[in-house]
Amino acid sequence: MALIELDSICKHYRMGNETVKALDGVSLEIDQGAYSAVLGPSGSGKSTMMHLLGFMDFPTSGSMIFDGDNVSELSSSKRAWYRANRLGFVFQTFNLLPRLSVLENVRLPLDYARKTRNSDQRAKDALERVGMGHRVSHRPGQLSGGERQRVAIARALVNDPKLILADEPTGNLDTKNVERVMELFDRLVDEGQTLILVTHDLEVAQHARSIILVRDGKLVGTEEGGRE
Amino acid sequence: MIIGSAIIHGVREIGKHKFRSFLSMIGIILGVAALVAMVGVVEGMMAGFRKTFETTGGIERLSIDEVEPPTHQEAIAHLSPKRTLADYYALQQSVPIARRIAAGKDMNWINMRSQNGRTWGRAIGTTPEIAEIDDYSVISGGRFISDWDVQQKSRVVVLSHRQASRLFGDPKDAVGETISLRGIVFNVIGVQENDETGQWMRQRQAFLPISTAIHYFADAEDITINRLAVQARDMRDIPELTDLIERTLLITHKGVEDFAVESRLEQLEEFKKLENSFIFSLGGVAAITLLVGGIGIANVMLASISERIREIGIRKAVGARGTDIFVQFVAEALVISVIGGFLGVIASVGLVELLRDLMPTDKGGQVALSARAMAWGFIFSVVVGFLAGIFPALKAARLPVIDALRYE
C-alpha cells in the first residue's frame, strides 16, 4: 500500500512579475517501507518536493495523500503536528541546537508532540540505535560532524516516524562518515523504515532502492533497483 | 510542560547574555523603584497631614471666622461687636448638641521672666477646651486652664516644655512657681508635654485664661477674640450645628453677618485633590519609566529573535507549532521582567531609605515603605514584560519554517 500519493502536484511562487514553477504537475507514489532517492541538479525542484513531503509547505494545486488521509490543505498547526508525530528529518547541516544537550536535542520532537512519558528513555534508546548512547550529556559543539549527524538521525527516529526525510545528509561529511551514515540508513530500511533521500550525488542516490529523477519542476523518470 | 521548559530555557538564555539582559532590565528596575518610592513619599506626606488634621479637631471641627459683612449691611456693620467672649458664652448656652466649644485670642510675643531665667513666648488666651481640641496635654503635677480661671481672670499660665526648662531648668520644678509677664506676676499651674511632632510654634506657646489675656494684654477697648471653634459630636450633626451657630451669633452680632461658619469638608476635599494630583503626576512618571523598561525588553527580545531565526526554524521543523514558539519567547520576556521587578523591589528599599534621610521630618511626614506599592510595582513590571514580549514573540511564531531554516 502506498504511504504517500502525489497527484499532479504544482507549487508556484511569484517572484516579482514572474511565476516560478518550482513543481509542475508531479504525480508519484511512495510505498510503505520504500527507500527512494530524489535526484536532480540544484534548482530542479527537489528541495520544494522535500518541503512538501515534509509538511513544511503546501502545494498550490494537486492532491497529496499521506497514510490514507488527504493532506493537501492543512493548517500550519496541523502540519506541525505531522512534523512532530509522523516525520523525521535529517539535514545537511545537522541542525542541532547548540545550547541543548544531545539528549535534549533528540527529545525535542517528543516535547513538541506532548509525548512526555518516558521521553528521556525513548531519546536514549534512539541514541543507542545510532551508536551514540555514550554521549547523552554532551553539547553538539563537542561532537565531530559524523557524530552530530548520527545524533540528528536519532532525533529523526525518536518519534517512530512513518517517514524519514534526509536532505543531502552526507553533504558535510567525509568519506568514512558518509559510509557509516549510509550503512545506518540501510539498516533502518531493513528494519522497515520508509526513507526518502534528497540529493544531487549519484553515488549516494545509488544506496536507495529506487531513484526519482527531477528536472525543471517535473518528474523525468523513476528507476527501480538502485544498488540492489 | 512546554511552559516549564520554556521558562528553564528562558533562564538559560538570559544566563548566556547576562550584560545585555541586565541592561534591558534597568528600565524595569528603575520603574518599580520609582513607583514604590513615589507611593512611599505621598503616603508619608498624607499620613503627616492626616495626623495634623486629627490633632487639630478632625473633620468634626467647625471654625467661626470673621468676614466682611455684605454690602447692604455696611450701614449697620458698626453695631456688631464682632467676635467676643459673649459669643462663646452664648454658644455654650444655646448649642447643647456641640461636643466642645472653644475660644482663643492670640497675643503678641511676650518677654517671660523667672527668678533665674528669661525667654520669649507667644501668649495665647484660651478656654479649657483648646487642650482637648488641639490635643495639648500637661505633665503630671500640673493642670490646664479651667473654667473657673476664665471666670475669675486668674493670673495663671501653662508654659511650654521648652519655656519651662529655659526658666526653671527642670520643667517639673516650674509648677507652683511664679513668673513675670510684662511685669505682671503669674502662677505657673502646668507645663505642656514635650511636643512629639516637634512643631516650632507649638514649642513656644504659653496659655493664659482668655479673659486674663484680654484684660492685661489686649489694647484698651479691644474685647474681640480671634479664634472661635465648635466641635461636633458627629459629622452628621454638622448641618444642624451650623444652622444653630448662625442663628445664635446673628443675635449677639446684632443681625450683622460679619462671621462665617467654616467646616473642614472643603479642606478635606482639597487635600484629597492634592493627594490625587500627586499620585497621578508621580504615578505617571513611574508608568512612563516602566513603559520605557518595556520597550527595552521588547528591543532585546527582537535582537535575540533575529539572532535565533535558525533555531526557530529547527524547532518548527521538528514539530513546534507557532504557539510553542510564542510561549517560549513570551516566557523569556517574562523571566527578564520578573527578575527586573524583583531587583526593582530590592532597589526601592534602598531608595526609600535614602529619601527618608533627605526628607524633613518636622512636617510630620515620614516616607513609608509600602508593601502594597511593592506588590503593585512587581505586578506592573511583570505585566509590562508580558506585553513587551508579545510582539516579538508573535513575530517569531509567524516565521515560515522554510525561510527560518534556510536563514544563515
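1. Helices here are DSSP runs of H or I with at least four residues, and strands are DSSP runs of E with at least two. On that count, chain B holds 13 helices and 9 strands. Note that this is a predicted model.

2. Overall dimensions of chain B come next. Its C-alpha atoms fill a box of roughly 105 × 55 × 30 Å along the principal axes. The radius of gyration of chain B is 34 Å, whereas a compact globule of 408 residues would have one near 22 Å.

3. Now burial and contacts. In chain B, 41% of the 408 residues count as buried. Take the contacts in chain B with a separation of 6 or more: 83% of them join residues 24 or more positions apart.

4. One helix pair deserves a look. Helix α2 of chain B covers residues 18-55, and helix α9 of chain B covers residues 265-307. Their axes come within 7 Å and cross at roughly 175°. Angles over 145 degrees count as roughly antiparallel, so α2(B) is roughly antiparallel to α9(B). By class, the contact between α2(B) and α9(B) has 18 nonpolar, 9 polar and 2 charged residues.

5. Finally, a single residue. Where does B:Glu132 sit? B:Glu132 lies in helix α4 of chain B, residues 130-133. B:Glu132 counts as partly exposed because it has 15 C-beta neighbours inside 10 Å; a buried residue needs 20 or more, and an exposed one has 12 or fewer. The C-alpha atoms of B:Glu132 and B:Thr55 are separated by 8.9 Å, though the two residues are 77 apart along the chain.

Notes:
Residues numbered from 1 in each chain as written. Chains lettered and ligands numbered in written order. Predicted model: local features only at pLDDT ≥ 70, side-chain atom pairs only at ≥ 80, totals over all residues. Axes fitted to C-alpha atoms, helices over the stretch in contact; angles between N-to-C directions. Parallel < 35°, antiparallel > 145°, perpendicular 65-115°, else oblique. Nonpolar A, V, L, I, M, F, W, Y, C, P; charged D, E, K, R; others polar. Rg over C-alpha atoms; globule rule 2.2 N^0.38 Å. Contact = placed C-beta atoms within 7 Å.
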